[in-house]
Amino acid sequence: MSTTPNVLVVIADSLRAKSVSALGGRRETTPFLSAFSTEATTYTQARSHSNWTLPSHASLFTGSSTAAAQFDIDTRLAPHQTIFEELAADGYQTSLFTDNPFLIDHQTGLDNAFTTAVGSPETFDTKYETNGSLGDWPNGFWYADQLLSWSADQTTPWAACLNLMDTHRPYEPQPAYDIWSDERIRQIQSEMGFKWHWEFLSGNVSLGFAKLLETIYYGAVRQVDAIFEQLVETLRDRGTLDNTLIIFTSDHGEAFGAETALSNEPPAISHRIGTHELLYHVPLFVRLPRATNTSASTASTGGTVISDLAELAGIPRLIRSVVADNNDSDIDPQHAICAKDGVTVATQLPIPAGMQREAARICETADPYTKRADIIYSQRSDGTILKQARWGEDAYETLITGQFEREDMGQIDAPTVIDAVASDHKTSEISINSIDEYDEFAEQYSNEFAEELEDQLEALGYR
């Protein structure tokens with residue numbers, strides 16, 4: 001067996017930390033992750049750099065938090081800036097497996113960071129079907145099996161990224177995992193379509209029904225846990241697990257009507273808009289390889305819990321600390337992912353024109369939803385984390401005192417956050433280009449509610 005470790009990064013799209021039972025979530029959504037944590041390092045305070053796919057993945061791939069402030073739907077990442085391209089230059093075979101259109105089909109070029117990129121197939125075995133009528137793609141087990149098949153064929157070290165969309169709406173987990181919802185909720189979701197957040201934000205549908213949709217989401221989390229278990233245990237059975245760096249995380253969270261300290265900030269529905277913690281606090285578990293010469297990569301690191309502030313931009317640092325120079329690195333892999341100087345930032349740019357048009361159509365005006373969000377997280381000497389967030393011209397402070405506990409500290413001046421974010425962005429830059437003749441594929445934004453569905457919701461008291 002080669003002493004150069006393989007790299008596996010699993011990103012459960014839209015998986016928030018609070019719904020992970022291995023991190024203290026109330027429902028037992030992740031029994032395997034709980035077991036896996038005994039042989040891995042658990043980071044209880046990991047944060048994403050944005051609240052949606054593109055900027056978050058750009059930061060995760062490049063190691064730059066500034067990517068969240070620059071990378072948007074009409075931009076493209078310039079070549080040779082990601083950790084996967086770096087690994088390829090060092091002789092790794094690299095691959096991406098996902099049906100996330102922003103990663104595999106869009107013009108942003110993130111899939112170009114990999115030598116192999118596998119998206120949704122035209123046909124697939126019925127055992128991989130989603131448990132619903134909205135998806136014409138296979139569930140995450142198919143992508144996991146494709147990754148396992150690909151990795152088995154590699155004769156040199158490999159690095160793979162698996163983005164699982166099972167926890168992204170629409171939530172369509174298999175019956176074995178969908179144990180908290182019921183047929184009525186699933187049926188209404190199937191009639192709601194994909195982009196139902198504007199109906200909630202407009203008040204056309206009660207936020208109470210969003211809490212019912214959340215029950216299907218919990219089942220999707222349980223399904224992702226099972227997919228991850230299949231990956232890990234297959235690698236274990238093959239004898240390659242101990243020679244593989246495994247990182248399990250999410251690109252951002254998900255919310256079902258949560259409110260922040262600002263009365264003029266809309267409630268957090270799904271993701272993409274707002275400053276709520278549910279959108280930025282993500283799970284992060286790391287199992288270091290055992291079959292290497294790195295002194296930190298021993299079985300003794302299993303079961304370690306780190307409550308220091310961690311950031312997704314630290315993932316390339318972590319990978320380098322394990323694989324660089326055949327593991328001859330002076331960076332502690334366990335803490336490479338922690339925020340430098342205990343500070344990290346997150347940014348959400350204003351929503352693009354297509355989303356604004358849809359907001360105006362359903363909500364009468366898009367103005368409440370077109371603001372920029374910035375967040376500064378700062379770890380204090382007593383271990384608590386100070387969150388300073390702005391939504392447009394308003395800002396607030398929150399003290400994070402535990403895993404999910406927080407204390408609102410009131411409003412602050414927005415320039416406090418704006419100036420700190422600007423200072424951070426001066427220290428690190430990545431190269432991003434505008435997309436010529438950008439195709440906005442506007443159909444992604446539109447969603448129509450049928451009158452029959454409106455009647456059903458009204459009969460249930462959710463309109």
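When I say two residues are in contact, I mean they have heavy atoms within 4.5 Å of each other. Keep that in mind, and remember that what we're looking at today is a predicted model.

Asn6 sits in strand E1, which covers residues 6–12. Setting aside neighbours within four places in sequence, Asn6 is in contact with Tyr92, Pro157, Trp158, Asn243, Thr244 and Leu245. Take Pro157 from that list: Asn6 and Pro157 are 151 residues apart in sequence, yet their C-alpha atoms are 5.3 Å apart in space. And is Asn6 buried or exposed? Its relative accessibility is 8%, and anything under 20% goes down as buried, so Asn6 counts as buried.

You'll find Ser21 in the loop between E1 and helix H1, residues 31–36. With a relative accessibility of 17%, Ser21 also counts as buried. Again leaving out neighbours within four places, the contacts of Ser21 are Arg27, Glu28, Thr29, Thr30, Pro31 and Ser34.

In general, nonpolar side chains in soluble globular proteins tend to be buried together. Here, the largest nonpolar core has 86 residues, and the ones with the most contacts inside it are Trp198 and Phe209. Which helix gives the largest share of this core? That's helix H9, residues 207–238, with 15 residues. If you click on Trp198 and ignore anything up to four places away in sequence, you'll see it touch Ile273, Ile351, Met355, Glu358, Ala359, Ile362, Cys363 and Tyr369. Apart from that core there's another one, of 46 residues, and its members include Val9, Ala46, Tyr92 and Leu96.

While we're on H9, have a look at Gln223, which is found in that helix. Gln223 has a relative accessibility of 2%, so it counts as buried. What does Gln223 touch, not counting residues up to four places away in sequence? The list is Asn139, Phe141, Asp166, Pro173, Gln174 and Tyr177.

A disulfide is a covalent bond between the sulfur atoms of two cysteines.

Let's do a helix pair. You describe two packed helices by the angle between their axes and the distance between the axes. My pair is H7, residues 183–192, and H14, residues 451–460: their axes come within 10 Å and cross at roughly 145°. The crossing of H7 and H14 is left-handed. On the H7 side, the contact is made by Arg184, Ile188, Glu191 and Met192, and on the H14 side by Leu453, Gln456, Leu457 and Leu460. Sort the residues of that contact by class and you get five nonpolar, two charged and one polar.

As background, most residues other than glycine have a negative phi, and most peptide bonds are trans. In this model, the peptide bond joining Arg169 and Pro170 is cis, with omega about -5°. Pro170 is in the loop between strand E7, residues 158–164, and H7.

Ser270 has a phi near 60°, and its place is in strand E10, residues 268–270. Glu364 has a phi of about 75°, and it lies in the loop between helix H12, residues 353–363, and strand E16, residues 373–379. Which of these is buried and which exposed? Ser270 counts as buried, at 0% relative accessibility, whereas Glu364 is exposed, at 76% relative accessible area.

Last stop, His106. His106 is in the loop between helix H5, residues 101–104, and strand E6, residues 116–118. His106 is buried, with a relative accessible area of 7%. How far is the C-alpha of His106 from that of Asp382? The two are 276 residues apart along the chain, and their C-alpha atoms are separated by 44 Å.

That's my tour, so over to you for questions.

Conventions: Residues are numbered from 1 along each chain as its sequence is written. This is a predicted model: local features need pLDDT of at least 70, side-chain atom pairs count only at pLDDT 80 or more; totals for chains, interfaces and linings use all residues. Side-chain values use heavy atoms; hydrogens and water are left out. Axes are lines fitted to C-alpha atoms, for helices over the stretch in contact, and angles run from 0 to 180 degrees between N-to-C directions. Helices (H or I, at least four residues) and strands (E, at least two) are DSSP runs, numbered from the N terminus. A crossing is left-handed if the near helix is turned anticlockwise from the far one by less than a right angle, and right-handed if clockwise. Ala, Val, Leu, Ile, Met, Phe, Trp, Tyr, Cys and Pro count as nonpolar, Asp, Glu, Lys and Arg as charged, and the others, Gly among them, as polar. A nonpolar core is a set of buried Ala, Val, Leu, Ile, Met, Phe, Trp, Tyr and Cys residues joined through side-chain atoms within 4.5 Å. Buried means under 20% relative accessible area, exposed over 50%, partly exposed in between (1.4 Å probe, protein chains only).
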